[in-house]
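Please look over the sequence and the structure before reading on.

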Amino acid sequence: MLKKLCVFLIAGVMMVSLAACSSNNDEQSGQEKEAVVEQEEKKEETTAENQDSTKSLVVYFSYSGNTEKVAQLIAQGTNSDIFEIVPEKAYPEDYDECVDLASEEKAANVRPAIKNDVENIDQYDTIYVGYPCWWGTSPMVIFTFLESHDFSGKTIIPFTTHGGSGFGSSISDISNVVKGATVNEDGLSIQDSNVDNCEGIVSDWLESLK
Ligand SMILES: Cc1cc2nc3c(=O)[nH]c(=O)nc-3n(C[C@H](O)[C@H](O)[C@H](O)COP(=O)(O)O)c2cc1C
């Protein structure tokens, strides 16, 4: 009888310790799963960071908002950072005054000062540069910007909005100041009257660049 009782007791103890062991195993495999998920998440974050480090940049100047709209569409379509060039001295709100001042600036080949600057431009390999066509080329403030950075090894992709002149001479004018950069000559030019409905034009153009 005592022998039987002993056997039952031993069997009971064994069952309890087996159950504890298996629940330990469950906990362990749960922890392992969490560690794997954590590792996967870290991997994804690192990949996203790497993609960020080769991000492109959209730089633009816009007087009356047309180029700004196109710049925003390009930035959205390419997941680029965006930077607006703000001249230290704002252009006159009066259109004719602005046209006259722009003409004087072009004739004197001035470099209007810029209020702000891009942070760490070195992180960008591709830079979309946008501006309105002014007097057959880009506004002088674009040259101020381009001349104050080193673009060697980078790709510059120009885009413009205009009243009929397209790029004018701006692409070759830009090429002359960004020595060592590749200037893409298939830039995007959109007439001002088409800017309001230019989403399709922009996305087709972005597709054509791929
Ligand atoms: C100062 C000035 C000069 C301009 N010169 C030209 C020009 O030479 N050729 C042209 O097609 N459009 C010219 N335009 C029209 C603008 O390029 C056009 O309206 C453009 O879409 C404006 O862009 P924004 O709204 O980004 O400033 C000129 C406009 C201004 C204000």
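The model is predicted. The salt bridges come to 4 in count, and three of them are described here.

**Ligand site**

**Backbone contacts to ligand oxygen**

- C133 places a backbone N or O atom 2.7 Å from an oxygen atom of the ligand.
- For G164, the distance from a backbone N or O atom to a ligand oxygen atom is 2.9 Å.
- For G65, a backbone N or O atom lies 3.0 Å from an oxygen atom of the ligand.
- On its own the ligand would expose 640 Å², and the protein buries 89% of that area.

**Salt bridge E199 to K69**

- The side chains of E199 and K69 form a salt bridge, with an N to O distance of 3.1 Å.
- This pair joins distant parts of the chain: E199 belongs to helix α6 (residues 199-209) and K69 to helix α2 (residues 66-78), and the two are 130 residues apart.
- E199 has a relative accessible area of 40%, so it counts as partly exposed.
- K69 is also classed as partly exposed, because its relative accessibility is 22%, and the cut-off for buried is under 20%.

**Salt bridge E147 to R111**

- E147 and R111 meet through their side chains in a salt bridge of 2.8 Å, N to O.
- Here too distant parts of the chain are linked: E147 is in helix α4 (residues 140-147), while R111 is in the loop between α3 (95-108) and β3 (126-132), 36 residues apart.
- E147 is partly exposed, at 41% relative accessible area.
- R111 is partly exposed as well, at 31%.

**Salt bridge K210 to E207**

- K210 and E207 form a salt bridge in which the closest N and O atoms are 3.3 Å apart.
- Both K210 and E207 are exposed.

Terms used. Residues numbered from 1 in each chain as written. Predicted model: local features only at pLDDT ≥ 70, side-chain atom pairs only at ≥ 80, totals over all residues. Heavy atoms only, no water. Helix = DSSP H or I, 4+ residues; strand = E, 2+ residues; numbered from the N terminus. Buried < 20%, exposed > 50% of the residue type's maximum accessible area, 1.4 Å probe, protein only. Polar contact = N/O pair within 3.5 Å; in protein donor to acceptor, adjacent residues only side chain to side chain. Areas by Shrake-Rupley, 256 points an atom, 1.4 Å probe, with all protein chains shown as cover.
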